[in-house]
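Here is a short walk through one structure.

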Amino acid sequence: MRDIPFSAIYFPAYTQFKKMRKEDASDLSPWDLFLAGSAAGLLAASTTTPADVIKTRLQVEARKGDQTYNGIVDCFWKILKSEGPLAFFKGVVPRIFRSSPQFGVTLLAYEMIQNFFVPKEVEDTEYPVLVSSEGKK
């Protein structure tokens, strides 16, 4: 409910933020990669917070006197009616402060490891082969 939309926002946003930092995204500094990943994490975390609020409400066992929910749609309408639209963004600030740097570091590490194992000269070939069974390219 939350992870697929998060990824659908996060990865394209990361690509766009890299392009905003530099036209040739293959030549970005580690700092640029970190900023692009952090910005994408901020965007994805903030826009999927309503789904996270609904998911959390459905997962938590209601105590005596607490609101109970019968599915996603019921939960959505009950929150909206009883707490208003801002309730869907409860916890957005801590979520951003956790997610943004986390995803900045994650994609920085991914890019650095990828560059280590797949050098640029191999990456630019149509069908990269790192090492064949005979030890040749």
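**Helix packing and a pocket**

Helix α1 (residues 3-21) and α2 have axes that come within 8 Å and cross at roughly 145°. Helices here are DSSP runs (H or I, at least four residues), numbered from the N terminus. Axes are lines fitted to C-alpha atoms over the stretch in contact, and angles run from 0 to 180 degrees between N-to-C directions. Asp, Glu, Lys and Arg count as charged; Ala, Val, Leu, Ile, Met, Phe, Trp, Tyr, Cys and Pro as nonpolar; the others, Gly among them, as polar.

This is a predicted model: local features need pLDDT of at least 70, side-chain atom pairs count only at pLDDT 80 or more, and totals for chains, interfaces and linings use all residues. Residues are numbered from 1 along each chain as its sequence is written, and side-chain values use heavy atoms, without hydrogens and water.

Now take α2 (residues 30-47) with α5 (residues 92-117). They pack at an angle of about 140°, with axes 7 Å apart. Contact (heavy atoms within 4.5 Å) involves residues including Gly-37 and Gly-41 of α2 and Ser-99 and Gly-104 of α5. By class, the contact has twelve nonpolar, seven polar and two charged residues.

Last, a pocket. The lining of the second largest pocket divides into four nonpolar, two polar and five charged residues.

Methods:
Helices (H or I, at least four residues) and strands (E, at least two) are DSSP runs, numbered from the N terminus.
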